[in-house]
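Please look over the sequence and the structure shown below, and keep them at hand while reading this briefing. The points that follow are grouped by topic, so that each part can be found and checked in turn.

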Amino acid sequence: MPLCRVKAVVIAACCAIAVAVAVPAATSAAKPRLQRSLDAIVKMPGGPPGIAAIVERGDRREFFAAGVAEVGTGRAPTARDHLRIASVSKGFNSLLAVLLERDGALRLSDRLGERIPGVLPQAEEVTVRQLLQHTGGVPDYIRSPAFIDWFLADPTAYIAPRQLTAFVATTPLQFPPGTRYHYSDTDNIAAALIQARVSNRPYERLLATRVFRPLRMRSSSLPRTTRMPRPFLHGYEIEAGERPEDVSEAINPSGAWASGGIVSTLGDLTRFAGFYVPTVLRRTRGIEGGFRPGASSPPGPGRNSAGLGIFRYRLSCGTVYGHTGSFPGYRILLAADADGERSVAFVANAQIVPGQGSPKVAKAITRAQKRAVCRALG
């Protein structure tokens, strides 16, 4: 992957359908509105090569897809394809915090200075709750010039979590803790370091034993290398007038770690949504103030509000909770209703988000996400 294109990614931060309920394919008018939206998106100039979604309503599951999982092959996306879930990983981080609090191993009021002294000296008064709510004022290491220089030197290199926090260890807080909202990837790196410390287990093992195994998420992992498990949805960088560039295995996810490094599948994500949303939502509602103004990155459909590692998306058809994510090659949405019975797992295999890529395509993807949510709630 050329460095100039990698830098742009970092600094900016044959159709197929398989539906659980048989849908006549003779005419476009016979297809569900969501399917027509996906078909249109992959045909747009600057659109992703492929796009897919699972819509669940109780025990009824529908799978929608358009385009290809890998350019040049004609292979359609499937619910079993592995993909990088980007900042949806933050939802796993918040779930673990709630579970550890239930165990008595952690309190959301614990401060960084109490649990991981010296790791972020400027942020030792910031609490776990403020980390998960993005209200601690901790600067984002991804925007650090030193991190960008390190990354550009070798995007495939492994980096340890403590090295990520070191990029902003001496940087002052952006505001007094608890006074404002600012989305920062450093928050979830610090929260995961605390979780590993209080459980006396590596974060990767904590994920496996407390989340992946109990929820039967057999296709989910937090890798240390660029290699993707097979089969996988290839992720692409899209530039006008150029052939899509496969960036699926161009970047080591350790640079995102607990903030955005998990690999999963749409099928696994729907299992996660049913437990994550009601569990974290109950804890968020138990906190004074609950949700506050703040958007996930990229913004989710509807009006966004920020909770405890979970976002509320209010649409005209109802309200769902969850998280979005974007990583070079991928744009993700995971959302469910309050009891986790109705959910959406959505992916486009290009990082087309507001401010990056085609604005027209980015808006079309957001509209398709809204249609997927309303179909789940309908």
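Cys317 has a relative accessibility of 31% and therefore counts as partly exposed, since that class lies between the limits of 20% for buried and 50% for exposed. Please bear in mind that this is a predicted model, and that the values given here are computed from it.

**Cys317 and its surroundings**

- Cys317 is placed in the loop that lies between strand β9 (311-315) and strand β10 (318-327).
- When neighbours within four places in sequence are left aside, Cys317 is in contact with Cys374 and Leu377.
- The C-alpha atom of Cys317 is separated by 38 Å from that of Tyr203, and these two residues are 114 residues apart along the chain.

**Ser94 in helix α3**

- Ser94 is found in helix α3, which covers residues 89-103.
- Ser94 has a relative accessible area of 0% and is therefore buried, because the cut-off for that class is under 20%.
- If residues up to four places away in sequence are not counted, Ser94 touches Leu132, Tyr276, Val280, Leu308 and Gly309.

- Strand β1 (residues 50-57) runs antiparallel to strand β2, and eight bridges join the two strands.
- Within this pairing, Ile54 stands opposite Phe63, which belongs to β2.
- The two strands β1 and β2 form a hairpin with two residues between them, and in the turn Gly58 has a positive phi of about 65 degrees.
- Strand β2 (residues 60-67) is mostly covered, as six of its eight residues are buried.

**Helices α2 and α11**

- The axes of helix α2 (residues 33-43) and helix α11 (residues 359-377) come within 9 Å of each other, and they cross at roughly 160 degrees.
- Angles over 145 degrees count as roughly antiparallel, and α2 and α11 are therefore roughly antiparallel to each other.
- The crossing in which α2 passes α11 is left-handed.
- On the side of α2, the contact is made by Arg33, Leu34, Ser37, Leu38 and Ile41, while α11 contributes Val361, Ala364, Ile365, Ala368, Arg371, Ala372 and Arg375.
- Sorted by class, the residues in the contact of α2 with α11 are eight nonpolar, one polar and three charged.

Technical notes:
Residues are numbered from 1 along each chain as its sequence is written. This is a predicted model: local features need pLDDT of at least 70, side-chain atom pairs count only at pLDDT 80 or more; totals for chains, interfaces and linings use all residues. Side-chain values use heavy atoms; hydrogens and water are left out. Axes are lines fitted to C-alpha atoms, for helices over the stretch in contact, and angles run from 0 to 180 degrees between N-to-C directions. Helices (H or I, at least four residues) and strands (E, at least two) are DSSP runs, numbered from the N terminus. Angles under 35 degrees count as roughly parallel, over 145 as roughly antiparallel, 65 to 115 as roughly perpendicular and the rest as oblique. A crossing is left-handed if the near helix is turned anticlockwise from the far one by less than a right angle, and right-handed if clockwise. Contact means heavy atoms within 4.5 Å. Ala, Val, Leu, Ile, Met, Phe, Trp, Tyr, Cys and Pro count as nonpolar, Asp, Glu, Lys and Arg as charged, and the others, Gly among them, as polar. Buried means under 20% relative accessible area, exposed over 50%, partly exposed in between (1.4 Å probe, protein chains only). Two strands pair if DSSP finds at least two bridges between them.
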